[in-house]
Amino acid sequence: MRATEIRALGEVAAEGVTVLHDIVRGMHTGIASRVFTSVGPAARPVEVIHDVIAQAVHTAIGTAGQRVPEAVGVLAATRFDDDTPIDRTPAVAEAIAALNGIYGDELASRGNALATTMAVRVDGRPVDPASAPLAEAFPDATNRLVVFVHGLCQTESSWRRAPRPAVDAPDPRPYGARLRDDLGFTPVHVRYNTGLHISSNGHSLDELLAALIEAWPVPVSDIALVGHSMGGLVVRSACHYGAEEGRDWVSRVRQVVCLGSPHLGADLEKGVNAASWALGRLRETRALAEFLNLRSDGIKDLRFGACLDDDWAEADPDEFLRDRCAEAPFLPGASYHFVATSAAPRPVGLVLGDHLVRPASASGRGRRRRIPFEPDNGLVMSGLHHFDLLNHPEIYDRLVHWLGGRAQRLSAR
């Protein structure tokens, strides 16, 4: 583990202790204030003594909670630094990805070494988008790329998820490996900080794809973009900003596939927004509201599917259930597809969705907003949860149909 990463762990631990302490102090202060107010002026002397003691105790605890974990991290960094990346093993990488999803915007703003930087990954390791590293990482590179973009709190390893035992899957390999053999696509997997704004990751993906295409070992003719959950929104954002910048890679995009992406928002984030707003109305629970509002910008963007900078710029990120989202227009030269699923049959499935995203949101068919997917460019399934979308035989068959259709039409000419 690198020294910078050990110190970063100490900083995160200190921040966690501080947050927990702030919740306790806030709730204690709110409850005490309510009690003393209800008693009236007679309780004023006791209130003064209480406040002095409480302030001293909370200050001592807060100072210790901030300094001790950081000091331990600095000490450990001097003893255990072996220059091995902390995310070398998948389990640790997934834990860091979860931390990034929840708190990644703050990690990035503080320059914490645990903040993930968007990059192409091969066997868990970042690949520099330059000619020599790409040629080494992709020795069998083809002219057709399928780029996979994971969802919230995930890494590129999520695409290696095996189908559930109950699913009849003759070939359990990941989508990328199968598309390479069946259609000649080279699979490219991206890892990124899901706690950042979706549009910020859209800008980063645009820049990464521009560098990737320029340095790819062979000329690229076709690009397919496949995003799961939040990844589908990041892909749509990247296409929009790539088109605005006149990027060369945009003209090579043939298909965009969104698997369970909350184009119209995720109910869980809407519920947390409503809960934090309600908790903030009472002084006893205001600290809990402040804690809930610490969730990352990326999570808050999922409230209504914010893909663009203008969707969140100059707005209160914790305002009560206000949809400010405009639509990121589709690329004129690409076909866009969606997969929506529910964990239960209709009509229950229409309400619950796949436990995270309802079919109406994944298909972009809302009462006020509609994402312009063609009617025949979608797949609606039931009996699946959100992460079944990462490897399912029926979805793979549809991917082959969508991604192979253009090649079949060209060969028929």
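The residues lining the largest pocket divide into eleven nonpolar, five polar and six charged. In this count Ala, Val, Leu, Ile, Met, Phe, Trp, Tyr, Cys and Pro are nonpolar, Asp, Glu, Lys and Arg are charged, and the others, Gly among them, are polar.

Before we go on, a word on the model. It is predicted, so local features need pLDDT of at least 70 and side-chain atom pairs count only at pLDDT 80 or more, while totals for chains, interfaces and linings use all residues. Residues are numbered from 1 along each chain as its sequence is written, and side-chain values use heavy atoms, with hydrogens and water left out.

## The pocket and the cavity

Rolling a probe the size of a water molecule over the atoms shows where empty space is left. Here the work is done on a 1 Å grid over the protein atoms alone: a cavity is a set of points where a 1.4 Å probe fits but cannot get out, a pocket is an open set with protein on both sides within 12 Å along at least five of seven lines, and lining residues have an atom within 4 Å of a point. Points are joined across faces, edges and corners, and a volume is the space filled by probe spheres set on them.

The largest pocket holds about 510 Å³ of space. It is lined by 22 residues, and V122, F138, R180, P187 and H189 are the closest to its centre. Strand β1 (119–122), helix α5 and strand β4 (185–191) each supply at least two lining residues, and β4 gives the most, with five. Helices (H or I, at least four residues) and strands (E, at least two) are DSSP runs, numbered from the N terminus.

There is one cavity of 30 Å³ or more. The largest cavity contains about 210 Å³ of space. Of its 16 lining residues, K300, D301, R303, D311 and W312 are the closest to the centre. By class, this lining has six nonpolar, one polar and nine charged residues.

## Aromatic rings

Seven aromatic pairs are found in the structure. Rings of Phe, Tyr and Trp (its six-membered ring) pair if their centres lie within 6.5 Å; planes under 30 degrees apart count as stacked, over 60 as edge-to-face and the rest as tilted. F148 and W159 have ring centres 4.9 Å apart and planes at 55°, so their pair is tilted. Because F148 lies in strand β3 (residues 144–149) and W159 in the loop between β3 and α5 (175–183), the pair ties together parts that are eleven residues apart in sequence.

Elsewhere, F330, Y336, F338 and F373 form one aromatic cluster.

## Buried and exposed residues

Buried means under 20% relative accessible area, exposed over 50%, and partly exposed in between (1.4 Å probe, protein chains only). The table gives some residues discussed in this report.

| Residue | Relative accessible area | Class |
|---|---|---|
| F148 | 1% | buried |
| W159 | 2% | buried |
| S199 | 0% | buried |
| S204 | 28% | partly exposed |
| C258 | 0% | buried |
| E314 | 88% | exposed |

In α5, the buried residues are Y175, G176, A177, R178, L179 and L183.

The structure holds zero disulfides, a disulfide being a pair of cysteine sulfur atoms within 2.5 Å. For C258, the closest cysteine sulfur is that of C307, 8.6 Å away, which is too far for a bond.

C153 has a positive phi of about 60° although it is not a glycine, and this residue is in the loop between β3 and α5. E314, also not a glycine, has a positive phi of about 60°; its place is in the loop between α10 (297–301) and β7 (335–342). Just after α5, G184 takes a positive phi of about 80°.

## Contacts across the sequence

Helix α6 (residues 198–215) contains S204. S204 is 85 residues from A119 in sequence, with 9.1 Å between their C-alpha atoms. S199 is also found in α6. From S199 to R236 there are 37 residues in sequence and 9.3 Å in space, C-alpha to C-alpha.
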